[in-house]
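I opened the notebook to look this structure up piece by piece. Sheet first, then the ligand, then the whole protein.

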Amino acid sequence: MSKRFYITTAIYYVNGEPHLGHAYEMIITDVIARVRRSLGEEVFFLTGLDEHGQKVQQTAVAAGKTPREYCDEMSATWKSFARALNLTNDDFIRTSEPRHKEVVQAILAKLHRENRFYRAEYKGFYSARQETFLTDKDRLADGTFDPFYGEVVELHEDNYWFALKDHQQWLIDYIEANPEFIQPMQRRNEVLGLLKSKTLEDLCITRPTARLAWGIPLPFDESFVTYVWFDALVNYLTLPLALGDIDAVNAIHPTVARDLKEKQADFKLWPADIHVIGKDILKFHAVYWPIMLKVIGLPLPKQVLAHGWWQKDGQRMSKSTGNVIDPVAVINEWGVDAFRYYVVRELDIGPDGNWTDAGFAARYKAELADGIGNLVNRSLSMLKRYRDGVVTARSDGLAAEVTTAVDGIRADLAENRLQAALVGISNLVTRTNQYIDQTAPFKLAKDPAQASRLDEVLYTVVECCRILAVLLWPFIPSTAEKIYTQLGLAGPPNQMTGAAWGGLNSGHQIGAPAPLFPRRELIGK
Ligand code: MSP
């Protein structure tokens, strides 16, 4: 088995309610995973939950539950959220699982043996909401901390630390030599700016058990648990280790690796190909994580892909003001594909985005109902009406144009330009609808002398629908599958090789056309 294409989302704080921002990250990751599978690669897609930390402990206690009971309940919500989004994740990691604890402890033990940690007192401030230390430098002009940090308390405590500055120049050189490592470019420049402008402070990797019991105990000092970010980042290695990726195992457990080698020599997952994350956690993934991997002795992920943040109606989403988008409510009303389509089409990977109900409804009507939906429905209905639903002899009406468009879309997909790929697909829909208007099959059908011209037109438009299903599958898989069913083809249309012109055979009988996107009035009527 060759190396799998390994792609991950961030892992989500278990105590949060899943919202639009989380859904977006999960969906773009799923689209990339599906694109790769469609291109013939073996893929491993991981998502999951970040369950340890003070905030989770506090929330559980306030609800009269143990942290474990609380996490078990919340993880059910998150897992069903992932299903509602139609994700194709291959595993779902929870940091409270034994397989994860084992890996975190093995890494800590190794780094401790190699004297990578030192002990010192911490004096400063702490935000439990963001699970992070703050200093006076983080104060706003008026002396307070940003409300983003929630309650900030002063702390004096003993902890273990990990020195980062010795690796700073190495990291700068690495990022400069590997332009693909942090994407988009603007984020890469941001990280380089940060690394070049100030010396990295050491990373505190523990919390005293007296303050926080809900965490992974240090294997060499039970009076501490592991700092939640150190614990969380390691999730990306848990699966390669748990599944027996030999190089990953070897870096951490050379003895286990020797036994494994005899059993399964060729399962390969690490390095991750893409970590998809939001811009707010870039420093953790593009600074701390690479340095951790360097000292562990493993190669760095090939790419950290940072997306922007969603707002609603131009404002930060916040439960207290009530302006949150609940993806499940939108999906129940409009369907999962309408939701998937909108978020990818609306927001490119990089900048920030803004959700408006009117914008959603407008795209639904123009691009889904009147665009793809109408094209497929009128094309298949015409084939039914004029040729009893039997595909006519191959014709190359739009073959050249479609082939060029498909090449462009594939090039965008190969570079994870998902929004651009959807624009390309939309253009193809518009072009095919325009071709129908120009060739006017309804007029051709009235003139028996135009029968072979009508055949050409019908083949062309129905073949365009088939190719569109293949192109759309990574984005809106249920719709793509419905198109295939209506075409009478065995699905799913999940192989990009199917986007080549001429796949429909003469004499093939299509199924029954049915509306893909029922027309809707404005959301929130
Ligand atoms: N648990 C940490 C990540 C650990 S990864 C080793 C965390 N969790 S989170 O639940 O707060 O955020 C998870 C992801 O959701 C992050 O990538 C974050 O950027 C993303 N989003 C949270 N709110 C968002 C928006 N409003 N818009 C887009 N994405 C946002 O951080």
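Entry 1: I looked up an open sheet of three strands and found the order S9-S11-S10, with antiparallel pairing. Strands here are DSSP runs of E, at least two residues, and helices are runs of H or I, at least four residues, both numbered from the N terminus. Two strands pair if DSSP finds at least two bridges between them. The edge strands are S9 (206-208) and S10 (217-218), and each pairs on one side only. I then followed S10 to S11 (residues 221-226): the two pair in the antiparallel sense over two bridges. Pro-217 stands opposite Val-225 in S11.

**Entry 2: what I am reading.** I note that this is a predicted model, where local features need pLDDT of at least 70, side-chain atom pairs count only at pLDDT 80 or more, and totals for chains, interfaces and linings use all residues. Residues are numbered from 1 along each chain as its sequence is written, and side-chain values use heavy atoms, with hydrogens and water left out.

**Entry 3: the ligand.** Which residues are closest to the ligand? I listed Ile-11, Glu-25, Asp-50, Gly-278 and Asp-280, out of 24 residues that surround the ligand. To be near, a residue needs one of its heavy atoms within 4 Å. I sorted the shell into 13 nonpolar, eight polar and three charged residues. In this sorting Ala, Val, Leu, Ile, Met, Phe, Trp, Tyr, Cys and Pro are nonpolar, Asp, Glu, Lys and Arg are charged, and the others, Gly among them, are polar.

Which element gives the most to the shell? It is S1, with four residues. S1 (5-13), H1 (20-38), H7 (228-233), H8 (235-242) and S12 (274-278) each supply at least two residues.

Next I checked atom pairs. A polar side-chain atom of Glu-25 lies 2.5 Å from an oxygen atom of the ligand. A backbone N or O atom of Gly-278 lies 2.8 Å from a ligand oxygen atom. A polar backbone atom of Trp-310 is 2.9 Å from a nitrogen atom of the ligand. Taken alone, the ligand exposes 660 Å², and the protein buries 94% of that. Those areas come from the Shrake-Rupley method with a 1.4 Å probe.

**Entry 4: the whole protein.** I counted 19 helices and 16 strands. The C-alpha trace spans about 90 × 55 × 45 Å along its principal axes. Buried residues (under 20% relative accessible area, 1.4 Å probe, protein chains only) make up 56% of the 525 residues.

Note on methods. A polar contact is a pair of N or O atoms within 3.5 Å; within protein, one must be able to donate a hydrogen and the other to accept it, and residues adjacent in sequence count only if both atoms are side-chain atoms. Buried means under 20% relative accessible area, exposed over 50%, partly exposed in between (1.4 Å probe, protein chains only).
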